[in-house]
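The structure is shown first.

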Amino acid sequence: MWIMIASPYTSGGADAALRAARLAEMNQAALAILRLGHVPVIGVNMALPIIAAAEGDVFDEVMMPISLALAERCDAVLRLGGPSRGADQEVARFVTAGKPVYVALSDIPSG
């Protein structure tokens, strides 16, 4: 399965250090998902290089559109962390499509 990881990134006005810690947590989950035999997908990892390449403030223009487009193409989602409007929007795509929503790595079956 292709499994998206939905988790807070900028929620709560996260500063650079908190965003980096949150991204590291998502990447650690991605490694665990890969080791379970699945393909991990993190919207932030796809969007950040595009945001960095752009001139000006394009965060809002890029982040959620990329993440939501990825959500449409994945088979399941792992929802981590605390409150996050963006992560909840991603999860809503899976719920609407009737696709699995996991809340712990231990819930994900081996691939």
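At what angle do H2 and H3 pack, and how far apart are their axes?

## Packing of H2 and H3

The model is predicted. In it, H2 and H3 pack at an angle of about 145°, and their axes are 9 Å apart. The crossing of these two helices is right-handed.

On the H2 side, the contact is made by Gly-43, Val-44, Met-46, Ala-47, Leu-48, Ile-50 and Ile-51. They meet Phe-59, Val-62, Met-63, Ile-66, Ser-67 and Leu-70 of H3. By class, the residues of this contact comprise eleven nonpolar, two polar and no charged.

## Nonpolar cores

The largest nonpolar core has 20 residues. Ile-5, Met-26, Ile-42, Val-44 and Leu-78 have the most contacts inside it. At least two residues of this core come from each of strand E1 (2-6), helix H1 (16-35), helix H2 (43-53), helix H3 (59-73) and strand E3 (76-79). H1 gives the most, with five residues.

Which residues does Ile-42 touch, leaving aside those up to four places away in sequence? They are Ile-5, Leu-23, Met-26, Asn-27 and Ala-30. In soluble globular proteins, nonpolar side chains tend to be buried together.

## Salt bridges

How many salt bridges does the structure hold? There are two salt bridges. Side chains of opposite charge can pair when their charged atoms come close.

One of the pairs is Glu-72 with Arg-93, whose closest N and O atoms are 2.8 Å apart.

Arg-79 and Asp-88 form a salt bridge through their side chains, with an N to O distance of 2.9 Å. Is Arg-79 buried or exposed? Arg-79 counts as buried, because its relative accessibility is 14% and the cut-off for buried is under 20%. Asp-88 has a relative accessibility of 40%, so this residue counts as partly exposed.

Note on methods: Residues numbered from 1 in each chain as written. Predicted model: local features only at pLDDT ≥ 70, side-chain atom pairs only at ≥ 80, totals over all residues. Heavy atoms only, no water. Core = buried A, V, L, I, M, F, W, Y, C linked by side-chain atoms within 4.5 Å. Buried < 20%, exposed > 50% of the residue type's maximum accessible area, 1.4 Å probe, protein only. Helix = DSSP H or I, 4+ residues; strand = E, 2+ residues; numbered from the N terminus. Contact = heavy atoms within 4.5 Å. Axes fitted to C-alpha atoms, helices over the stretch in contact; angles between N-to-C directions. Left-handed = near helix turned anticlockwise from the far one by under 90°. Nonpolar A, V, L, I, M, F, W, Y, C, P; charged D, E, K, R; others polar. Salt bridge = Lys/Arg side-chain N within 4 Å of Asp/Glu carboxyl O.
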